[in-house]
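Open your viewer and keep the selection panel at hand. We will go from stop to stop, selecting and looking.

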Amino acid sequence: MDHSMEIRLHGRGGQGGVTCAKILAACYAAQGRSVQTFGDYAGERSGAPVRAYTRVSDEPITNRNKVYEPDHLVVLDHHLLGPDVFAGLRPGGSVLVNTPEPLDELASQWSQFTIGVVDATRIARSHKIGTRSVVIVNTTIAGAYARMHDVPLEVLEKVYEKLGFRGNFAAAREAYESVRTHRGSAQPGRVAAPAPAPVLAPVPARKLPEVADLVAHRESPPTPLKTGNWSSLRPNYTEHLAPCNAWCPAGNDVVAFVQSLHGGDAKKGAEILARSTPFPGVCGRVCPAPCMEGCNRAEHDGTVNIRGLERWIADAGLAPYGRETAAAPRRVAIVGSGPAGIAAAFVLGKRGHRVVIYEGEAELGGVLRTGIPTYRLPRAVIDREIGAVLALGVETRLGRFLGKQEIAALPRDHDAVILATGLQKLTQLDVPGAKLPGVEQGIHFLHRVNLEGGMRLSGHVVVLGGGNTAMDCARSALRCGAQRVTVAYRRTRAEMPAIREEVDQAVEESIVLLEQRAPVAFAGTGRVEAVDLAEVEMGPPDQSGRRRPVVTSRTQRLPCDHVLLALGQSADTSLLPAGWELRDGRVSANGAPLPVFAAGDLATGDGTVTHAIGSGRRAADLALQALGLPVAPFARPDRETAVPATDVRFDHFAGRPMAHSLVLPVAERAATFGEADAGLANADEAHRCFSCGHCTRCDTCLVYCPEGIIRREAPGYGVDYTYCKGCGICVEECPRSAMELSDS
Amino acid sequence: MSTEFLSGNHASALAATLAGRANRGGRGFGGGIYPITPQTECVEYLCQQEFERGEIVRVESEHSAMGVCIGMAFAGARTFTASSSNGLAYMTENVFAAALYRLPIVMMAVNRTLGPPWNIWVDHGDTLMLRDSGWLQFYCENNQEVFDTTLLAWRLAEDHRVLLPVMVNQDAFVLSHTMMQIEVPGLEQVERFLPLLRLPHQLTEKPVTFGGLDFPHETEVHRRQHAEAMARVPAVYREVQREFEQHFGRRPADAVDGYRMDDAEVALVAMSTMSSTVRAVVDSARARGQKVGAVRLYMFRPFPEQDLRQALRPCRRVGFLDRDISLGLGGVLWAEGRAMAPAGCLVQNYIVGLGGGDVRPQDVQGILDDLVARQRAEEPRILEVAT
């Protein structure tokens, strides 16, 4: 008995139908049968309906014709189902369809045939088979075929091994296990074959298509075929979250302000920044720039210098803030004028509310003014940016720190209160000799340097710590006249929380870094004369993921004249009035929430200007919301949803290293408090931005479209869906993941 | 011997790889290659192979591809290339040169319709255009034959009685892209079958010139020598058939491959894969009692005149099925073969399957019916079978 059979596969160009037919043939070949497999080859490309065939026989196969009366069908895309697909299928034949639809519907529609359904697309997608735009289902659906037609799973596995598809076998197995079938009603048999049609009979027995004369045979693209009918997917231009935007704690639209620089005009960028931050000039200088950590260009040839570009925009001039007229202006007190307090005032002021800022120092700015040295952040920058916020009508009360009772009274005179007092509590060092004169908190030192000026130091200054305060102390000490400055840190240089450029510049300025050293004692008679530093070994990682420092008994005495402690700060909640309890950024008393909110480091302890801005914005929004105003509180986007580097087509971008800002030579900068960093020479760095997830009208989609049916159309592009096959090439080629495919 | 599951393209490339490695003790293996649909998979496969001696050189055109083969062959390497259709048209000048230089190059050609208008599917017009180029030509019927013919082509080409290039032809897609199981010998078996190439006019350290100006009396001699070499091919081929069978246990087809011809009053003559369909129709006609046979021309150059004349001897009606057309004449196979039919025989030409039309059994049956029923031969009939 001849067990020959013919299988016809229906798929779309690019789905791998020919390979699927090959897998099926290889399965039968592995069981000792003669096989033959081939595809239909034509001029059509991705997305066009295509067919592939497999013949199986116990005899050597000599038939070289295409398959017209298949025993079995495999349909890789359920949108193809129709009379064309079923044409010629023998009674009692079977149809395996890749579809998310239920079995019953198909089984009742084509009841004479055995029907199998499997959602191979879902399975292949979950196994990440194919490209980001087109899922390749061939190796998956073959598993379902094996189950329907009693091909042992071991045979299938061996075939996958041999053909190099081992990685796809798990998907095939899942399809094998999840295919559902319904037996057909008809008995196996043959199609009633049409009578043989002699091609030379007087009357043409077969209807042949009309063909125009050769000289009349002209076509103009697009083809008259309405190829859009084949489509099951269609491309859309979509904005996806750029990682820089996702990473920015202040909530800046980073990709937009960087892209705005393409025309060389900083004004538009300033307008974009004015929506989210009062401190572009400050952040353009002192921000640790989490956006640059997230930047996808890091995977290509180095992150974009976003901090430098933000400064470039700010230095070219701020955009004026518009002040809305609030229907019912509220009165809000803000305690503390650091970046969080000013950011809250910025949000409330723009919305037309009345703001009073209470600041203990004589000038506004908080840590910006007391903590950050002028060589990093010139005072004119702070003045200009805070001045713009004050211009919104913000009132100030300066020069006196509020006591607990005064704070407790604020809610009586204001609709809401925002506490932004920062990190007032300094980490102390409890070792012998810590009270010796000459051992001082670095914050206190910086406060004096920054507010009083004219500080002089001499001899050898040792700074203990590895954050930005430590670098600020060390470099300020140098500028105050210290002959020698050493920074001792318990971890390694790479693990220092300080901005990398700050560390680099400190080292350039001859500041010595001692890594893996912890202070265990200070020595001196009447005044500190030396510090005992113990060697530190790195233990297993702690909760922060960094390796835990283990202090050894090996010590070394380092003679010195002055010690600055920069060991960290924390929020001082003892400032809160009695009975006030701070939780999740809001204060309550006796369990009842008060209209009092915390912002900045008091609330989060993140310790950066950019985090403080984001926190200040959120606290202002929450306060307004608590007062019954329709406000969607600012929240940082989910970083997980940002465009990953793997979705950026690096080959569209020529390699080009990051542009660095111009830093004055050591000889010119190390002795003065003038600004050390002159910023970027120009805004060309913006051209390095991939614009992840944001269309730049680069025309790549238009150029790559095989049908030529994408056209420029305001505001971006139009797709002629009459002809779009949904092949996904435009989405695949989009350099920046600003497109996606969806079901049509 | 192992069983491999290969397309015609890969079968040919694998045979070339084995033949190439078999010459590593000599001057190695190589060739220039340039891709063209439907041959591309063959040259892709070759580019992935490593050869101890020699290399595959990727060039910018078919003309250069054959140029590289000519140079390598002169240097004594076993050489191979592959092309198709318009690529062959572009290569043509050097195709002639390779033969006139008497170089034993093997070329696999995938038969594809010449354009424009553009067409990527099978017909034989491209290689038949080169029938006067001085190359040997074989037309294969299945994947195994593609492999076997590629191997034996070198044995034939490198024989000092022949010293001519060989073209191994296969139908576009029907063979080139169709996978089937084939038997593949090991390298040692191939080495025993294919001795190292010893080219008599191989280049040495002493500079020489080939192909300089030939005066009329020299050309007369050179053409006669070329023609005599061609005339020796059928006999040498029969030796190669025997050798091949001894080494691999399979006997390659005869130059003229007859089927149920002993008492056939009616014969259908064809080449390549269409012959399989013709044989199926012959079987069903025989089952109805008709004395019908099939003839396949496996070797087309040199034209196996004697063998075809012998095969057609019992016939009273012969139909030539051409998958080609010499415009202004008719089918090439018919034009060359009609004189081999016995005196008084009705010979009709059917041109069928141009541009890749799928010639099905009912189409061939229609031809047979027409041939049996007609009173006299007419001009060649151009049939339309594609749907």
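The mean pLDDT of chain A is 90. In this chain, 95% of the residues reach 70 or more.

Now select residues 192–199 of chain A. Here pLDDT stays under 50. The model has 14 contacts for this stretch beyond four places in sequence. Where pLDDT is low, predicted coordinates should not be read in detail. Look, then move on.

**Stop: a sheet in chain A**

Strands of a sheet pair through backbone hydrogen bonds. For one of the bridge pairs, select A:Ala523 and its partner in β19(A), A:Ala530.

**Stop: two helices in chain A**

Select residues 138–148 and 169–178 of chain A. These are helices α5 and α7. Their axes come within 7 Å and cross at roughly 40 degrees. That angle makes α5(A) oblique to α7(A). The crossing is right-handed.

Show the side chains where they meet. On α5(A), pick residues including A:Thr139, A:Ile141, A:Ala144 and A:Arg147. On α7(A), pick A:Ala171, A:Ala172, A:Arg173, A:Ala175 and A:Tyr176. By class, this contact has 8 nonpolar, 3 polar and 2 charged residues.

**Stop: two helices in chain B**

Switch to chain B and select residues 8–22 and 143–157. You now have helices α1 and α6. Their axes come within 8 Å and cross at roughly 30 degrees. That makes α1(B) roughly parallel to α6(B). This crossing is right-handed.

Zoom in on the contact. From α1(B) come residues including B:Gly8, B:Ala11, B:Leu14 and B:Ala19. They belong to a group that meets residues of α6(B), among them B:Val146, B:Phe147, B:Leu151 and B:Trp154. How many charged residues does this contact have? It has none: the classes are 9 nonpolar and 4 polar.

Note on methods:
Residues numbered from 1 in each chain as written. Chains lettered and ligands numbered in written order. Predicted model: local features only at pLDDT ≥ 70, side-chain atom pairs only at ≥ 80, totals over all residues. Axes fitted to C-alpha atoms, helices over the stretch in contact; angles between N-to-C directions. Helix = DSSP H or I, 4+ residues; strand = E, 2+ residues; numbered from the N terminus. Parallel < 35°, antiparallel > 145°, perpendicular 65-115°, else oblique. Left-handed = near helix turned anticlockwise from the far one by under 90°. Contact = placed C-beta atoms within 7 Å. Nonpolar A, V, L, I, M, F, W, Y, C, P; charged D, E, K, R; others polar. Pairing = 2+ DSSP bridges. pLDDT = per-residue confidence, 0-100.
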